[in-house]
Amino acid sequence: MPDGWPYGDSPFHKGEQQVQERLGVRDRIESFARRVVRDAMPDQHRQFYAELPFVMLGTVDDRGRPWASLVPGRPGFMTSPDAGALEVAAGPLFGDPLHGTLKPGADVGVLGIQFETRRRNRMVGTISSVEPGRFAITVAQAFGNCPQYIQTRALEMLPEIDEGARKRPVGRADRFDRRTRALIERADTLFIATAYSKHSDTASQGADVSHRGGSPGFVRVEDDRTFVFPDFSGNNHFNTVGNIVVNPKAGFLFVDFEAGDLVYMTGEAEIVWEGEEVDAFAGAERLIRFRAEEVVRVEDSLPLRFDFGEYSPMLEHTGSWAQAAQTIAAENERNVYLPYEICDIQPESEVITSFYLRRADGKTPARHEPGQFLPIRLTIPGQDDPLIRTYTLSDASNANHYRLSIKREGGDALVSNHFHDHLKKGDRLEAMAPRGKFVLDGSSNRPVVLVSAGVGLTPMIAMTNHLINEGLRTRNFRRTYFIHGARNGRALAFGDHVRGLAAEHDSLTVHLRLSRPEETDRLGETYHSEGHVDVELMKSLLPFDDYDFYLCGPQPFMQELYDGLTALGVRDDRIHYESFGPATVLKHDGGPKRASPLGTPVEGPVSVCFADSDVEAKWSPDKGTLLELAEAAGLNPAFSCRSGVCGTCVTRLRCGKVDYIEEPVAPHGDHDVLICCATPRSSAGDATCGEDQGVVLEL
Ligand SMILES: Cc1cc2nc3c(=O)[nH]c(=O)nc-3n(C[C@H](O)[C@H](O)[C@H](O)COP(=O)(O)OP(=O)(O)OC[C@H]3O[C@@H](n4cnc5c(N)ncnc54)[C@H](O)[C@@H]3O)c2cc1C
Ligand code: FES
């Protein structure tokens, strides 16, 4: 049998192609599928069906409505006389709508699934013959399916295995009853049948049946006819989603694995492509919402029982509706300081320690993108006011906690020293939702080069973890170079972690460079070269290609790299960077741009009104920034970096205009001001503000 798809026509119909196109995988999946989709079953599939004690079928009734069915039998009840045929020596269970759909010439989708081993194979075909207690299928398309999201279950065959046709209580309704609702709400597995009605003979059309799995509660019942569930990353064929976009009719089967009840339903499905719920549900790429028209419940129908084993490891990367709701609520409180508790502390090096934070009210914290930072506020004994700082979230996971990896700054440094010297598990501090625009460009497929020095590695660790997680989730690993410089092995954090990841994943190359290695540091083992991370190192490590660069470290380090990379012809928009200290503007016309001195835009006094506090002040160049003016006037505005990086000081500008003394890095709206790096501009002649009103801030 030839390998792969033997026809010129695509193995995908127009709905599947439309979805692949929309999601940017069309070309990749077409060439991949031409290798793995066949028009007949390979021997491995034929043997697999012969071992199974049940098979899932998707068929379509006279009204064009798909149904998903389960046909059980003693292993061996399915045989394949040749690669193009599957014979099934069993009939539909009592009450299964399959009784009305199993007809010669009918389209059928077939799913062979083995819960114990998480193996599954798919097939699309037509019913070639139907006789009492048996039927046969002619194969049109056959392909393997990966084990993602399948929970393991051990199977027990009941003595009634041969009595599928025996009468059982059947309930028919146009909506979910209490028990059906409960079954859907606790389901970790469901089967969905969809169909693309035949308009031609091409093999890419027909009926389909597919498995979906998630943590219990991944299906949310919205009313007594509607439920919605997340569609996680799959094989990119989009058989189900592609069918729904051209034909919304769909059928579902929910199995009560313990009691043996089967609930069949048919109705209409829609794809929810985007929105806050898609964003909030971890792992969701889109949602599928279903509205039932007919529900058939057959009690104690299944002559099989299943003992739950374990959840799919893939579920670690997925959430639940309860978590999604909390995430949405947290998003709505993004500018409010909420209490957090330190739930774990882990040393990462002699100078860097990780602090794990979870919300003190037990709720799920707001999501973050890899590279973003957390504005925190805490009270330190001896300080009159709470202190605000920003720390990058050093892990990608959107789990129930955040991780900050903080360097002990030593000297008089307040917050970092306090973390290291005094904070312990159970202590509390406050944090706003994560923010920051130094994040991975997820729309790019270019290889990523993450370059850092010292504690600047925290966003790079988050990005690396995210890239690996995404690779595991989507099976598409983005090429990544992690290049980091530290003084010596004692100062180096996360060395084992990144080396371990690189050992497991070919997509990741790690290069650790120590400027002053010590005797205990082992070249080739714990580090890769001696010296400073510079452009020469980049040239030696990176094959000629078009990369996305991310830089984080001390200002001179970043400036040198920026200058070196641009001199090599790297485009400016390919270099992303963040500074933990004073704002750093690396981009330049000929030489490093320094922040212009304060007060150049305006000479004379400008009146500034802090409206919420009912305080008026006169600004002149010697008063510094609007933040300093506010502080001098006795106000206490929130700030952290004082350098336009963190966004903590963002303030609504009610009227007037401002100038920035240095290009602000933090994102802000058109009517917002980052007061830590802004000075007022005279409003003379600005009709909206009235005579001599100057600048009015909502502070
Ligand atoms: C976007 C962003 C992300 C960041 N992410 C991280 C991260 O992941 N990990 C991390 O460790 N840090 C990070 N930082 C840095 C962090 O926010 C703090 O700036 C850092 O921890 C220092 O704060 P501190 O309160 O300890 O020091 P501060 O009290 O603010 O002191 C800062 C420096 O000034 C010196 N100093 C303090 N008082 C005096 C004085 N009276 N006279 C002279 N010098 C003085 C201190 O010795 C110290 O070197 C990040 C910063 C930004 C802007
Ligand atoms: S305090 Fe960080 S942007 Fe103003």
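Predicted model: local features only at pLDDT ≥ 70, side-chain atom pairs only at ≥ 80, totals over all residues.
1. Start with the shell. There are 22 residues around ligand 1. Which of them come nearest? They are Arg-389, Thr-390, Tyr-391, Lys-407 and Ser-416.

2. Next, sort the shell by class.

3. Now look at the secondary structure. Three elements each supply at least two residues of the shell around ligand 1: strand E21 (387–392), strand E22 (401–407) and helix H9 (415–421). Which gives the most? E21 does, with 4 residues.

4. Check the polar atoms. Thr-390 places a polar backbone atom 2.6 Å from an oxygen atom of ligand 1. Leu-414 also uses a polar backbone atom, and there the distance to a ligand oxygen is 2.9 Å. With Tyr-391, a polar side-chain atom lies 2.6 Å from an oxygen atom of ligand 1. As for cover, ligand 1 taken alone exposes 960 Å², and the protein buries 68% of that.

5. Turn to the helix pair. Helix H10 spans residues 458–474, and helix H11 spans residues 495–504. Their axes come within 12 Å. They cross at roughly 25°.

6. Last, the handedness. Is the crossing of H10 and H11 left-handed or right-handed? The crossing is left-handed.

Technical notes: Residues numbered from 1 in each chain as written. Chains lettered and ligands numbered in written order. Heavy atoms only, no water. Near = heavy atom within 4 Å. Polar contact = N/O pair within 3.5 Å; in protein donor to acceptor, adjacent residues only side chain to side chain. Areas by Shrake-Rupley, 256 points an atom, 1.4 Å probe, with all protein chains shown as cover. Axes fitted to C-alpha atoms, helices over the stretch in contact; angles between N-to-C directions. Left-handed = near helix turned anticlockwise from the far one by under 90°.
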